[in-house]
Each structure stands twice: as structure tokens, then as C-alpha cells.
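Keep the 3D view open while reading.

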Amino acid sequence: MSDLKGNNKLSKSTFISFAKSLASNRLTFSVVVLLIVVVQNIITTPGFFKITIANGLISGYIPNILDEASELVIVTLGMTLVTAASGGQDISAGAIMAVAASFCGLMLNGSEYRTDVFHSPYLLALLVGLLGGALCGAFNGFLVSKLRMPPMLTSLILFTAGRSIAKQITHGQTIYIMNPVYKWLGVQIPGVPIRTTIIVSTVTVIFITLLTRLTSLGLYIQSVGINDASSRLVGLKSSVIKFLTFVLYGVLAGLAGLVGSSSVGSVNSGELGLGIEMDAILAVALGGNNLGGGKFSIAGSIIGAYTIQAITTTLYAMNVRADQLNVFKALIIIVIIVASSDVFKTKIKHFTQKIFSKNVSVGG
Amino acid sequence: MEKLKQEQNNSDCMGKQPGHNDEAGPSLKMIGIGKSFPGVRALNNVDFSLRCGEIHALMGENGAGKSTLIKVLTGVHPMDEGRVYLEGNPVLVRSPQDAQRYGISTVYQELNLCPNLTVAENLFLGREPLKRCLIDWKRMNDEAECLLKELNILAEPTAQLDSYSIAIQQMIAIARAVNTECKYLILDEPTSSLDADEVQRLFDLMRRLKKNKVGIIFITHFIEQVYEICDRITVLRNGELVGEYEIENLPRFELVKKMMGKEIEVLSDLSVHKDESSSESEVPVLEACNLSSGASKVAPFNLKIYKGEVVGFSGLLGSGRSELVRTIYGADKAVEGQQFIKGESVTIKRTLDAMKHGMAYLPEDRKAEGILSELSVRENIIIALQAKRGIFKRLSRKEMEKYADEYIKLLDIKTASKETPIKSLSGGNQQKVILARWLLTNPEFMILDEPTRGIDVGTKTEIQKLILKLAEEGKSVAFISSELDEMLRTCSRIVVMRDRQKVGELTDSDLNQETIMRTIAGGEQ
């Protein structure tokens, strides 16, 4: 650092070029925000890094954030792919979560609204839940890829109707699944010291990353998102690829729904995953992804999702009330949106150029 | 002023000293312009001058610095060195708005109009006539009508812009530029998507503006057009000024030489190796029987293409030549007819089917249908091969890099690296990347729709040579170009289209400009 402060021209220019490449990297922004939140926590929360074992579970601030972020992380993965391929956002994630959890609950509880007996095999019920999510995704995907409707408009249908459908499935009641096995997915599998949610979200992130990297899906999605016409002419079935991302989105939202309902041991279709889609969109944007589609970064989105959860947790830790929370979130969103706008970026660019040219003229 | 003129006299790179005794004198002068981008010296000590009421061609190959010079002049990029004078007064143009205030207007190759607004709205966008804070629609439409009539543009002020052809839209863009008290008009490749008739109408418009003392900078790749309409030529090469010339003093061949900076092989050396063996008995690589994509696109046509043959498709813009090849490739769905590949009947429902049968298609509109702008050169090269292989047989990173390196070298693609996004390459190099993309799939039948449009002379020749080389290797090529000489040099047979119908096939002695044009025009057949 002393080198940089001194009049060493070489290190100054390398520093500037390093700063420039850093500024152009899409990940930088989200990492910086996350770091700010972490540093803020270190200052205000003494036990931030402390990890203890309570009731056979690793607990502490960080595991807590990882646990609470898991639903958001899973939905964000889907949102990233849908955004990249279609250039739009699907806002029905919360509703799909409710539908998937209701299907699962119906399978397990039968017609009873509170029981500790499984009416069908646990794994089968989970599968049916995921299938419900996939169906919702396929519905959205069909409208977007075949009928070429804008994603947000399309998903408005399920956004509006999804929770009602879920209510019909559970006969209008919150159903309680009392069998302790049901909490395996959302709380803990006996003997495993880590929250299952953390395991599930991590595995899902790895799975989606591998799916996009080891197959050509990632390249295809970016290609379709950047230019539909070009992609069609090089032999890509753009409608199939878009459809696929929506189905994946449905499955992932379904999984988030199962995790969410399992962690509370009940299916409340009015509350499950309420507003999660907006956080997911924010996470995608925060991760440096273009909301107009094209290139995407899963790492960025995931960092974005954890950042949002960290902010929420931090604000709660600072005794911000739940009803005040959204005001703070809105402030943060304003900063993010302004900082990522083109006008602001060019202003910054001009500003740094000015400083840069001043440095050169002084140095020369 | 005197001192400046002397400076100009002293610089030895000037061709001929113009405008010294002209009473008006140069009214726009740029002196010693320099501009660098990271790693590239885009302009180095370039001088440029434009008189009132002249049409001045700015020529150079891709990467010569034409666009940069224009962008510096119009304040898009700040310049590193140099001065700009308007009517003898030094000015500093900081932004495009600044440029407009000084009377400098630009019409870019990519039109920046709003297709979903009306013609009048486009003409007056941002400076609508007001009546008590509200837009005075009647006045706006009346004024628009006057302006359109004055410039002889056949458009209705109240019609939506995108209901008109690109040519008319281009003229509307010019009308908009001229309407803002414009003294200097820059036209960046305005003719690249116009047919001959439309070009003439554009030229009429330019001549009318010239009479009104507007100075016009005309950037184009069409040498013929330069000699038809321009008064002077400034040639740039690799960011340096080659010279400024009166048009009478610079024969075409000299101009090409100056642009290329070396003795080019005389283009006529590229002659077609006509295979005598393309006998009737041979099975065609591709045969279309009564193929049609619906009368609104192309009427049913028959076509046979043999191995090692370059077949040209000629006709005016909108004659259906692109639609015909699109139907063969499956980019437009065929509604009737049959296709045979090497004698076997095939159904092509999607472009992937065509690719699997060994076809490749380089589309006419590179920007809208060719490049994947944000993806790297590497990804753009391998995408077609990867699509052909399918989603699960992913090429490894190593293979991708190997292919990318191989084709960057083979086609001499100028790019900073194979990971550079394709959008930052010049037009000619983007086109080479698209060519590489298709060559990599090892096709037997390549459809090239305007592969040389908007590309510098050097790359044009390279692409023409490549086409002939492919044919020599036994591949078949369907070639579409708006430039007849180019087709005559490369094709052994030319299919002529008119009004969405195939109207003729010309071979051997019929392959000359006159016969082709007569066939295109129709009448006596």
C-alpha cells in the first residue's frame, strides 16, 4: 500500500488497470456488498464468527444465515436461468412453492388436517410435490416459449391463482404434518449435525452449476438469451431451451416449497414463500446479471442471495422491527439500482478517467 | 488561418492540396487528430477538411479509423490530440448534442429511429412544435409533410415508421438530421442495404442538400458510388491519413491501391474454374422440386445444385432471393414441395435438420441473425458444431480452444484474443467468425447470403477466394450478393429472381452484367 501512496508511477498504473478490470467484473459489485455487510456485522456483533453446537446442531450467526437463505438460494438459481434464457422474470415462485407443498401435504396427510401418520411413502410425496412444481413451470414455459408471451405477464397468472389452487388442494386449511420424519428436509436428519436446508441448497447449487457447465445447457441458454434468431439459425431449438428453464424453475421453486413447509412442519399456502420472487430478482440483479437476458453468473446470483439474507438477518439483529425491514431493503435496492445503472457507470468512468489523466499529466 | 494552411502545406503526406483558392475555403477542418484506445492507436495525426456544398468520401478498410474520426468529430469519443475548426473558429465538441448545436448531424448505418412511432413523430422527436404546452399535432404533421415533399421522400407523415422499407427509413433519418439546422451531414454507410433504384433516390437527395450548401461526409464501401457522387476523397489507412484527393485525379485502381496500401492482386485473376464434368447424369447435391414457403414468401421453384459448384442468386432487394435460400435451409418453413439431398428425399423441419444434412447458412443480417454479440469469439465459432453435437456431447474447453485458434489463424481473424466478445470486433472480422462457425461444421453445401456486405475490400477478396477454394474442394456454395461483378467473378451459374419468383438460370455466355440485368428487369425473356 505504501507503494501506491508514493509517487511510483508503475505501481500506480498497474493499480489503476487492476481497479479497472475489477470494476468491469460482474462479480465485484456483489462481493463488495457482501463484504460491507460482513464487516458491519463484525463491528456490531461480537459473536459473529462464533459457532457452537446446540442440540446436536451446529449453530451461530453464519450457519443461521446459510439456513435462512436456503429457500431464496434455490429459487434464485431458477430465476437466474429463466432470466438468462427469456430476458424476463417469473414472479410465480412463491405461489409455486405453495402448490408444491400442498401436493406433498395432501399425499402425506390424506384428508386429515392434522396427523402424525403418513398416508403414502415420504419420498413419493416429495416427488409428487416436485412434479407439481414442474407442472406449474411447464405451464409458464409453454406460454412464454410457444405463445411468446412476456414472462412476467405469464407468471402473473400463477402469481394470482397459485395460492388459491394450493388452498383448494388442502381444502382451504393449513395442514399440520406431525410425523417427525417430515422435518428431515427442513430441519435436521437425526445424527447429522448440519441443518438439512444448508445441505439441500448447497447440493442444488452444485447440481445446477454442473448441469450448466458439464453439458452445453449453459452455452445454449446464453445464446438463446442474447439472440433468439441467431440461435435458431445455428440449429438451437430456442423454444425448447426456454421451456426447459421454466420447468427447472418450477422444480426448484417446488423444492424450496418443500424445504420451507418442512422447516415449520405445516403447509400454510397463504404464507409459504410470500414475496420470495422479488428477493430472487434482486439477488439476480445484485449478482451482476443482466435482467434483459444473455450472459449469466450463478456464483454472482448466489452471492446476491446470501447478501440479501445477511442484510435481513443483520437488520433483525440490530433490532429493526419486521415492519421497518422493508424500508431498509428499499434503501439498499435504490443504491444497487443506481450503482448498476448505465448513466452512473459512465459518470464514474469519466470521473476515474479525469483522475487518471490528471495523474498522468502530473507524473509526466 | 494562414498559419494553419501553411501547416497543411508542409505536411508531406497530403496528396493534392485542395481548396486553396476556393473562395469559401474549407469550412470544417480537423488538424492533427490523435486518438488511442487501450492497446490500439486508432488515429494518428489525421487531417481532414470539408467545404460547404461538397460531398466528400471518407474511404478506408475496416479498422482504418473512419468511424473513430467521425466519432471524435461528433463528440462521441473525446480526442487525445488535435484541433477542430468550424469556419475558422476553434471549437470543442464534447458530446453529440454539442455537435448538433454546431450543425453537425450524423446518420448512422444502424438507424436510431423509433420504429413504432409515426414518420412525423420521428422527424420531430425531442423538438415537437408546441401549442400551450401540448404537442401541436396538426402543425407537426403539416411541417413533416412539407419537409418530406421538399426532399421528395414518398412517405405519409402519419404512417408508422416501420411500415416503410429500410431505404425510406434511411431517408427519413436524413430528413430528420437535415431538419436540425444542419450544415455538415455525416452519412455512415447509408447505401449498404439499399437497392440500385433506392440508391439513386438517396443520391438525388444528397445532390439537393449539396445545392443548399450542406457539406456531406459520405462513408461507403461501394467504390462505384463514390465516383458517381463525390467531389473529393480522403483515404485513411491504419489510423493514418494517406491523402486527400480531387476525384478526377484519382482513378479507381489507384484508390483501391491507396486503401489497401499494397499492390492487390488484380481481382480479375480470380477466375472460375469451370468444371466441364457437371454433366446431367450426376446426382445433384441438392435438389428442390416445387419447393415453396407460401406465395407471400417465394413461389414454388425447382433447383439443382451439383458438387463443387458456386451458384449465384441475383435479383433486386425483396425479389425473394434470400427467402429462397432460407426455405432450402429450413429457416423459413416450406409449405409444399420436396427436397432431395444426393438423390434421397429429405424433410427439413428445422434448421438443425438442414445442418445434419451438411448444410450451412450465413444469414444476410449479420447483426440481427448472425453474431451472438456478448459471447466470445471462441463461443461464437463453436456454437454451430456444439448445437449439431447436441446438449450432452459438450466439446471440452481444450477442443473449443483448439478449434478457435485454428480458425482464427486460418481466416486471419483480427481479434485481441479468442475470449474477446465478438461485438468488439470490426464488421469484416465478425463475418469471418461466422464463416469459421460454419466451416467448422464441415458442410457440403454452404449458403452465403451477402457475406461481403459492409466489409472492406481486402476481406471481400479473401471471402471470394475462400468461396472458390471451397468449390475446388468439392463443396457446393449458394452465393448471394448485391454486387454483380462479385457474382460474375465467382459463380458458374446464376439464378435470377424477380417478384418472389425464380425467373431464370444463366450460364456460360449469358454470364455478363447486361444479360443478368435484363433478366432481372424482365420484359423480353
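Two strands pair if DSSP finds at least two bridges between them; helices (H or I, at least four residues) and strands (E, at least two) are DSSP runs, numbered from the N terminus. The model is predicted: local features need pLDDT of at least 70, side-chain atom pairs count only at pLDDT 80 or more, and totals for chains, interfaces and linings use all residues. Residues are numbered from 1 along each chain as its sequence is written, while chains are lettered from A and ligands numbered from 1 in the order in which they are written.

Chain A contains 15 helices and five strands. Its C-alpha atoms fill a box of roughly 80 × 55 × 40 Å along the principal axes. The radius of gyration of chain A, taken over C-alpha atoms, is 23 Å. Of the 364 residues in chain A, 46% are buried. Buried means that 20 or more other C-beta atoms, placed from the backbone, lie within 10 Å of the residue's own.

In chain B, strand S10 covers residues 215-219; five of its five residues are buried, so the strand is largely enclosed by the rest of the structure. B:Gly215, B:Ile217 and B:Ile219 point one way from S10(B), and B:Ile216 and B:Phe218 point the other way.

S10(B) pairs in the parallel sense with strand S3 (residues 55-59) of chain B over four bridges, where B:Ile219 is the bridge partner of B:Leu58. S10(B) also pairs in the parallel sense with strand S9 (residues 184-188) of chain B, over five bridges; here B:Ile217 stands opposite B:Ile186.

Key:
Buried ≥ 20, exposed ≤ 12 C-beta atoms within 10 Å, placed from the backbone. Rg over C-alpha atoms; globule rule 2.2 N^0.38 Å.
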